Amino acid sequence: MQRLKDVLPDALGAAQLVSSEGGWKTVDSSGEVDVRWALSVLRSGEARLYGDVDVETDEVEAVMASSDGVHVVVADGRGAVVLRLERGANLGLALGYAHGVVRTGESCP
Amino acid sequence: MSVMLPTVSGVFRSSDLRLDGDAFQQLADALVGSESSTSMLSVHGDHGVGGVFIDEGRIAWAASPGARHFLSDRLVAAGSDAQVMRKLVEEGRRTGVPLGRMVVDRGLMSAAAFSELLFEHSVVSLGLMASQRVNRIERHPSRGGTFALAFTFPMVPLLAESVRRLVAVEALEVSPSGDDLTAVHVAVVEGQALPVRVLGARAPKLSELLSLAGDAQAVMSNIDAGTVSFRRGNRCWSVSGNQQSFVVSEGRSALSFAWMLGQGGL
């Protein structure tokens, strides 16, 4: 968690997932993050924009702000990162970080 | 496509009328079926038969039984001479020349004033149609292509104005930017997502809007209240608000992404 805080000071939690048999499997997580809820929101919105997604190369993202806090999800066909952040967090930084992890497969702290 | 609509001054607003969800759905389906064509819809409701003229996918005018005023009555109420108007109506019936064209061509009313009056008349009529039980809607395609009417309005802003006067929704003070941005305030009434105001520069087709609003309603059911933005490359769509009232936007501009997050109070 401290390593994550060093990169994203406003982070409250993070999870890294890989695609597995049509679903997602969590391979690493730290802090508090509602992975199931964040992915369900992504799924409810993905059909509109992501119907023709190229799973090998296209990255999709969702940012959700609600009473439960701020969640950022970035995913491609192989992996996904879910971040939970404090309100008012630097979203550009969080998105850049999440995209980097998804692209390189480097483990979340 | 930019939305240029007349500014409505004196508006009809009725607390007696209540939007009928089934009637709205039937009306919306019939309008969607005509959004790429020129046709006339006969709306058979509990209060009689009304009509909606659609010219190349845009609403030219709507008239509902129960509106009390015919278009000519509205023209008289707006200052036109009653006797002159009666003669024009008769002439129009005889020659087939639209009343509005005669009124404007003969200098009885400015084009802008007539456009505003026609818009208002159609808003009231659609509102009346959507607030009574609709038994059936018949579609009559125009044989000659276009009706060649001088004034037409995009479906979504007109329908939204009708809905907004029938349902209680808070006004939103927002000014989204982006030339290619669709942004519409949607209210959910009896489980149906209904447009109440077009906020963006672009007026979507009614079918596009209903699809977008339905998707947004599904997203909002997951979060109760807040903002969600989805992005892939430079395409994005967002929804912000709560389960009863939300703004949904879609466009290629990254501005919509930033704007919607701003609405969420981040």
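1. Leaving aside residues up to four places away in sequence, A:V72 touches A:V63, A:L83, A:L85, A:L91, A:A94, A:L95 and A:A98. The model is a predicted one. A:V72 lies in strand β4 of chain A, which covers residues 69–75.

2. Is A:V72 buried or exposed? A:V72 is buried, because 25 other C-beta atoms lie within 10 Å, and the cut-off for a buried residue is 20 or more. A:V72 and A:V82 are 10 residues apart along the chain, yet their C-alpha atoms are separated by 5.7 Å.

3. A:V73 belongs to the largest nonpolar core, which has 106 residues. Together with A:V82, A:L83, B:L27 and B:V186, A:V73 touches the most other members of that core. Not counting residues up to four places away in sequence, the contacts of A:V73 are A:A38, A:L39, A:L42, A:E61, A:A62, A:A80 and A:V82.

4. An open sheet is formed by 10 strands, with antiparallel pairing, in the order β2(A)-β1(A)-β5(A)-β4(A)-β3(A)-β7(B)-β8(B)-β9(B)-β5(B)-β6(B). At the edges are β2 of chain A and β6 (192–198) of chain B, each of which pairs on one side only. From one strand to the next, the twist averages 15 degrees.

5. On the chain A side of the sheet, β1 (residues 11–20) pairs with β5 (residues 79–85) in the antiparallel sense over seven bridges; A:A11 has A:L85 as its bridge partner in β5(A). β1(A) also pairs with β2 (residues 23–31) of chain A, again in the antiparallel sense, over eight bridges. In this pairing A:V18 stands opposite A:K25 in β2(A). The hairpin of β1(A) and β2(A) has two residues between the strands, and A:E21 there takes a positive phi near 50 degrees.

6. Where do the two chains join within the sheet? Strand β3 (residues 60–66) of chain A runs antiparallel to β7(B), and six bridges join them. A:V63 stands opposite B:S229 in β7(B). A:V63 is also one of the residues that A:V72 touches.

7. The contact between the chains takes 21 residues from chain A and 19 residues from chain B. On the side of chain B that touches chain A, the elements giving two or more residues are α7, β7 (225–232) and β8 (235–242) of chain B. β7(B) gives the most, with eight residues. By class, that side of chain B has nine nonpolar, five polar and five charged residues.

8. Helix α7 of chain B (residues 206–223) has 18 residues and reaches 26 Å from its first C-alpha to its last, close to the 26 Å expected at 1.5 Å a residue. Its buried residues include B:L206, B:L209, B:L210, B:D215 and B:I223. After α7(B) comes B:D224, with a positive phi near 70 degrees.

9. Elsewhere in chain B, strands β5 (residues 182–189) and β9 (residues 245–251) run antiparallel and are joined by six bridges. B:T182 stands opposite B:E250 in β9(B).

10. Some totals for chain B complete the note. Chain B has eight helices and nine strands, and 47% of its 266 residues count as buried. Among contacts in chain B with a separation of 6 or more, 66% are between residues 24 or more positions apart.

Notes. Residues numbered from 1 in each chain as written. Chains lettered and ligands numbered in written order. Predicted model: local features only at pLDDT ≥ 70, side-chain atom pairs only at ≥ 80, totals over all residues. Helix = DSSP H or I, 4+ residues; strand = E, 2+ residues; numbered from the N terminus. Buried ≥ 20, exposed ≤ 12 C-beta atoms within 10 Å, placed from the backbone. Contact = placed C-beta atoms within 7 Å. Pairing = 2+ DSSP bridges. Expected span 1.5 Å × (residues − 1). Nonpolar A, V, L, I, M, F, W, Y, C, P; charged D, E, K, R; others polar. Core = buried A, V, L, I, M, F, W, Y, C linked by C-beta atoms within 7 Å. Axes fitted to C-alpha atoms, helices over the stretch in contact; angles between N-to-C directions.
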